[in-house]
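Notebook open. I wanted to go through the DNA contacts and then the aromatic rings, and jot down what I looked up.

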2 protein chains.
Amino acid sequence: MRLEDEIKQPTFQSEAHKAYLNVVYTAGWLGQRQMAAFKPYGLTSPQFNVLRILRGQHPLPATVALLIERMLDKTSNASRIVDKLEEKKLVTRTVCPANRRAVDIRITEAGLRLLRQIDEDEHANPARGSLDRLTAAEQRQLNTLLDKIRA
Amino acid sequence: MRLEDEIKQPTFQSEAHKAYLNVVYTAGWLGQRQMAAFKPYGLTSPQFNVLRILRGQHPLPATVALLIERMLDKTSNASRIVDKLEEKKLVTRTVCPANRRAVDIRITEAGLRLLRQIDEDEHANPARGSLDRLTAAEQRQLNTLLDKIRA
DNA sequence: GCAAATTTAGTGTACCTACATTTAATGTTG
DNA sequence: CAACATTAAATGTAGGTACACTAAATTTGC
C-alpha cells in the first residue's frame with residue numbers, strides 16, 4: 001500500500017523525505033506483525049531475538065556484552081530483557097568463573113523447545129514472510145540501498 | 001555499512017531474512033539519530049511528529065483521532081504525547097464545541113516558534129539527511145520496494 | 001604492589017508502545 | 001423517549017528504549 005494513503009499525506013517535501021518516512025513506517029509495520037505473532041508464545045520481539053542469539057551460541061554461554069553486540073537495537077537494555085527470560089525459566093544466569101564481572105547466560109531446554117515450536121509453525125512470523133513479496137533481485141536491491149543509507 | 005558487520009552475523013538464512021532485519025535495523029539506526037537531534041530542543045520524535053501534524057492543520061484544530069490517522073506509529077498513544085506537549089505549553093486542548101466527546105488540539109505560538117527554529121537548523125535532522133546518500137532514482141526505487149512489502 | 005582507569009552489569013528515571021478497560025457524549029432504534 | 005450501541009478520549013498496566021549513573025571486578029601504569 002502506498003505510504004501516501006497509509007498516513008493520509010498526499011505529498012511529501014521530497015522523495016528523500018518520503019523514503020525516510022517509508023523506512024521508519026515499514027519497520028513499524030513489520031514490528032507490529034512480529035509482536036502479534038510472538039504474543040501466543042508469551043514472548044516479545046526483543047525477547048525472541050535474545051533467545052535466538054543464545055541458541056546460536058549454545059551450548060556455549062553468552063555475556064550481556066555479546067548480546068548487545070548482536071542485537072538489532074544497540075541501546076536496548078539487554079539486562080532487563082534477560083531478567084524477563086530468566087523469570088520464565090527460558091535462560092539461566094551464572095557468574096562467569098573466568099571473569100567475575102561478566103555473567104554467563106545460557107538458553108535452557110525449555111527455551112530451545114519454545115524456539116523449535118515457533119520455527120515449526122509456518123505462520124509464526126508473517127513479518128518475515130512479507131519480504132517474500134519481493135523477488136530475490138529486489139531483496140538484494142533493497143539490502144544494497146539500506147546499507148548505503150547507513151554508509 | 002554492511003548489516004553483517006553491524007550485527008556481527010556473517011550469514012543469513014536467506015536474502016529475504018536479511019532484508020527483513022535490514023529494514024528493522026535501519027529504521028532503528030535512523031530513529032536513534034533523529035532522537036539525538038531533537039534532544040537539544042527538549043522534544044522526542046513522537047512529540048515532534050505530532051507538532052508537525054498540528055502545524056499542518058494550523059490554524060484549524062486537530063482531534064486525537066486525526067493525529068492517530070496521520071502518525072507513523074498507529075498504536076502510539078496520542079493522548080499521552082499531547083499531555084507532554086501541553087505541559088510544555090506547545091499545544092492547547094479545548095473541548096470541541098460541536099462534539100463534546102472530541103478535543104480540539106492546537107499548536108501554540110511557542111510551538112510554531114520551536115518548529116521554525118528546528119527547521120532553520122540545517123543539522124537538526126541528520127537522519128533525514130542520510131537519505132541523501134541515495135540518488136533520486138534510488139530513493140524512488142526504495143519507496144517502490146517498501147510499498148511492495150506492505151502490499 | 002597499589003592507586004587509578006577501565007570494563008561489565010545492573011539500576012533509576014523519563015518517555016514510549018501495546019493492548020485492555022473505562023468514562024462520557026452522541027447516535028440509533030423499538 | 002428510554003435502552004442500547006457506538007464513538008472519542010483517557011487511563012491502567014506490562015514491557016521496552018534512551019541515557020545517566022552506580023557497583024564491583026579487573027587491568028594498567030607508576
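I call a residue near a molecule or strand if one of its heavy atoms lies within 4 Å of it. This is a predicted model, where local features need pLDDT of at least 70, side-chain atom pairs count only at pLDDT 80 or more, and totals for chains, interfaces and linings use all residues. Residues are numbered from 1 along each chain as its sequence is written, chains are lettered from A and ligands numbered from 1 in the order in which they are written, and side-chain values use heavy atoms, with hydrogens and water left out.

**Entry: DNA strand D.** I looked up the 25 residues around DNA strand D, and Thr44(A), Thr75(A), Ala65(B), Ser79(B) and Arg80(B) come nearest. By class I got six nonpolar, 10 polar and nine charged residues (nonpolar: Ala, Val, Leu, Ile, Met, Phe, Trp, Tyr, Cys and Pro; charged: Asp, Glu, Lys and Arg; polar: the others, Gly among them).

Next came polar contacts (N or O atom pairs within 3.5 Å; within protein, one must be able to donate a hydrogen and the other to accept it, and residues adjacent in sequence count only if both atoms are side-chain atoms). Arg100(A) has a backbone N or O atom 2.9 Å from a phosphate oxygen of DNA strand D. The side chain of Arg93(B) puts an N or O atom 3.0 Å from a phosphate oxygen, while a polar side-chain atom of Asn77(B) lies 3.4 Å from a base oxygen.

**Entry: rings.** I counted two aromatic pairs over all chains (rings of Phe, Tyr and Trp, its six-membered ring, with centres within 6.5 Å; planes under 30 degrees apart are stacked, over 60 edge-to-face, the rest tilted). Phe38(A) and Phe48(A) are stacked, because their ring centres are 4.1 Å apart and their planes at 25°.

I also checked for a charge over a ring (NZ of Lys or CZ of Arg within 6 Å of the ring centre and within 35 degrees of the ring normal). Arg33(A) lies over the face of Trp29(A), 3.6 Å from the ring centre. In chain B, the charged end of Arg33(B) is over the ring of Trp29(B), 3.6 Å from its centre.
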